[in-house]
Amino acid sequence: MSDTTFRLIYRSRSLIPAETRKAVLGEIFSSARSNNKRQQITGALLLSGDYFVQALEGDEQAVQALYEHIAKDDRHEDVTVVDERRLDERTFGKWSMAQVSDDGGADIPLLTNRDKGGITRKAADPTTADQDVVLDYMHDVAQS
Ligand SMILES: Cc1cc2nc3c(=O)[nH]c(=O)nc-3n(C[C@H](O)[C@H](O)[C@H](O)COP(=O)(O)O)c2cc1C
């Protein structure tokens, strides 16, 4: 992995009907993972309610090109970049595309802790402090 990494985070509104959501998400993750692996892109994709929030990281040109490609996908709309920056290292380097979910059954399940108003991660596969900051941000963006 290169020393400088570019990361783009966008939000969009899902147009996938509830009945086909599981199957369509399966297709998206399977093509995302094989394609991203080839392009050395890593990241995380959260679907919360009707909103997608996706972090894409890797070579800047490759990330921008992939973003342009994904933005044209008719399975979502109102695709808006919410954060773009250079990083010293990847946040989600171990996933070609991690599935993040707030209803369990994902690579990174987000468990809402209502008392504290924050989010806690399942202890079985703990996330790093760096990942938690970005995941909290992605979760906030999905709610806003
Ligand atoms: C929310 C969302 C996230 C996606 N993320 C990726 C991704 O990370 N990588 C990827 O290759 N395709 C991703 N896709 C799928 C692409 O839009 C596209 O369908 C796929 O790359 C196949 O493109 P092709 O039909 O031109 O080969 C995503 C689609 C959606 C709706």
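Predicted model: local features only at pLDDT ≥ 70, side-chain atom pairs only at ≥ 80, totals over all residues.
**Entry 1: helix α1**

I started with the buried residues of α1 and found Val24, Leu25, Ile28, Phe29, Ala32 and Asn36. Buried stands for under 20% relative accessible area, exposed for over 50%, and partly exposed for what lies in between, with a 1.4 Å probe and protein chains only. These residues sit on the same side of α1, because they cover an arc of only 135° around the axis. I take the arc from the directions that run from the helix axis to the C-beta atoms. An α-helix has 3.6 residues a turn, so residues three or four places apart point the same way. On the other side of α1 I noted Ala23, Lys37 and Arg38 as exposed.

Numbering runs from 1 along each chain as its sequence is written, and side-chain values use heavy atoms, with hydrogens and water left out.

Next I checked the length of α1: its 18 residues, 21-38, reach 26 Å from first C-alpha to last, close to the 26 Å expected at 1.5 Å a residue. The expected span is 1.5 Å times one less than the number of residues. What covers the buried residues of α1? I found that the cover includes β2 (42-48), β3 (51-58), α2 (60-71) and β5 (98-101). After α1 comes Gln40, with a positive phi near 55°.

**Entry 2: the chain as a whole**

I counted three helices and seven strands in the protein chain. Helices (H or I, at least four residues) and strands (E, at least two) are DSSP runs, numbered from the N terminus. Along the sequence they follow the pattern β-α-β-β-α-β-β-β-β-α. Of the 144 residues in the chain, 42% are buried. I also looked at contacts (heavy atoms within 4.5 Å). Among those with a separation of 6 or more, 71% join residues 24 or more positions apart.

**Entry 3: the ligand**

Which residues come nearest to the ligand? Of the 17 around it, they are Asn35, Asn36, His69, Asp73 and Arg75; a residue counts as near if one of its heavy atoms lies within 4 Å. I then went through polar contacts, which here are pairs of N or O atoms within 3.5 Å; within protein, one must be able to donate a hydrogen and the other to accept it, and residues adjacent in sequence count only if both atoms are side-chain atoms. Asn36, buried in α1, has a polar side-chain atom 2.8 Å from a ligand nitrogen. Gln54 places a polar side-chain atom 3.1 Å from a ligand oxygen. For Arg75, a side-chain N or O atom is 3.0 Å from an oxygen atom of the ligand. The elements that give two or more residues to the shell are α1, β3 and α2. The largest share, five residues, comes from α1.

**Entry 4: helix α3**

I closed with α3, where 15 residues, 129-143, reach 21 Å from first C-alpha to last, close to the 21 Å expected at 1.5 Å a residue. Gln131, Val134, Leu135, Met138, His139, Val141 and Ala142 are its buried residues. Seen down the axis of α3, they fall within an arc of 160°, so they line one face of the helix. On the other side of α3, I have Ala129 and Val133 down as exposed.
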